[in-house]
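User: I would like a close look at a single part of this model. Please keep the answer plain.
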Amino acid sequence: MKAFWTGTVAAIVIAIVAGFILKAENESAKAAFTTSSARVSSN
Amino acid sequence: MLTFETGLRILRRAAAALLLGVVVAFANLTPAAAQQPANDAALMEALKGTLSGRVSIPDEKSGLLQQPRGREWREMREGPVKSFGGWLLVAVVVGLCAFFAWRGRVRVEGGLSGRTIERFSPTERFTHWLTAVSFIVLGLSGLNMSFGRRLILPLIGPDAFAGLTEIGKWSHDYLSFAFVLGVFLMAVIWLRHNFFNALDAQWFKDGGGILKKGVHPPSSKFNAGQKILFWAVMLGALVQAVSGYMLMFPFYFADMAGMQLSLLVHAVSGILFVALILAHIYIGTLGMEGAFDAMGTGQVDVNWAREHHSLWAKEELGGARAHGDD
């Protein structure tokens, strides 16, 4: 079952890395589709 | 003679009367809706179902408030997709239960020999589990997005459901990359074993060797059923990846119509994918004795190999020793 756990860990690591990359590269929808004066928060 | 106090008393009474008059006037006002009955149908007819205007914010699409195709899309999503899709999954589960009740577990008829040969290498098993674990989470989180509000929220309440769905949504987005990588690796390592040949027709005629006892059609590394599964996974993963990434990066590649189509395609294809994999999980665990070992330890019993993949077993055993040989 070593392959099962290795595959599971690999899937989690890939997901975490993807999450960091996408958060760093993408701006949120509310930032992308509004002007700064229309936003409630500073994001 | 008019004194100051008298004037003050008059003013106070006049103010009170005026205030009373304003209160009475407001009380008698009726809302516009009551005065003029809502006439949305006529309004929508006049606008031909579309409400749009001009906006000054960067998102120009927000100028379109309403479009008839959006309503059709929502009716399709909330109606046929959810009802047919949901009942399809129920039918698959019921069907598998019925098949198991009728056929029972497919046993190794010659009995387990105690000798094993390697069926799948560590690399193959890693690839399978990378894909499978990702798929399980993708499938469950996806089904929650389609059916969770109706089926799970009443059970666990809105707060717990919101938290669960948020975790599911992020998991769904980020595990997609692991799933796509897993399918790509599967294509690289298994493509050459999954081209159809004349043996596959015989395999189908014999019912895959699982409908009747004593019937074991010859098969190489992968039988016809597994080949169909392979190509279904390749196609399904491609459809899910394309439609899914169009949804994850909204309006990068598609307009409103394209986004609506992507969601419908993703939902329908996802439900079909889950139905297919439910059958795969069944036959690989409960349905067939010795099958899980192939992906669990990588070692399968020699008698299992000879019954279910005779040509592959002959190739592997020819000149080689099986584990457990003296």
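At what angle do helix 5 of chain B and helix 7 of chain B pack, and how far apart are their axes?

Analyst: This is a predicted model, in which local features need pLDDT of at least 70, side-chain atom pairs count only at pLDDT 80 or more, and totals for chains, interfaces and linings use all residues. Residues are numbered from 1 along each chain as its sequence is written, and chains are lettered from A and ligands numbered from 1 in the order in which they are written.

The angle between helix 5 and helix 7 of chain B is about 145°, and their axes lie 7 Å apart. Here axes are lines fitted to C-alpha atoms, for helices over the stretch in contact, and angles run from 0 to 180 degrees between N-to-C directions. Helices (H or I, at least four residues) and strands (E, at least two) are DSSP runs, numbered from the N terminus. The residues of the contact between the two helices are 12 nonpolar, 14 polar and 2 charged. Ala, Val, Leu, Ile, Met, Phe, Trp, Tyr, Cys and Pro count as nonpolar, Asp, Glu, Lys and Arg as charged, and the others, Gly among them, as polar.

Helix 5 and helix 7 of chain B also pack against the buried residues of helix 1 of chain A. Those residues are Ala3(A), Gly7(A), Ala11(A), Ile14(A) and Ala15(A); buried means 20 or more other C-beta atoms, placed from the backbone, within 10 Å of the residue's own.

The contact between the chains takes 16 residues from each of chain A and chain B, where two residues are in contact if their C-beta atoms, placed from the backbone, lie within 7 Å. On the side of chain B, helix 5 gives the largest share, 7 residues. That side holds 12 nonpolar, 2 polar and 2 charged residues.

Note on methods. A residue is buried if 20 or more other C-beta atoms lie within 10 Å of its own, exposed if 12 or fewer, and partly exposed in between; C-beta atoms are placed from the backbone.
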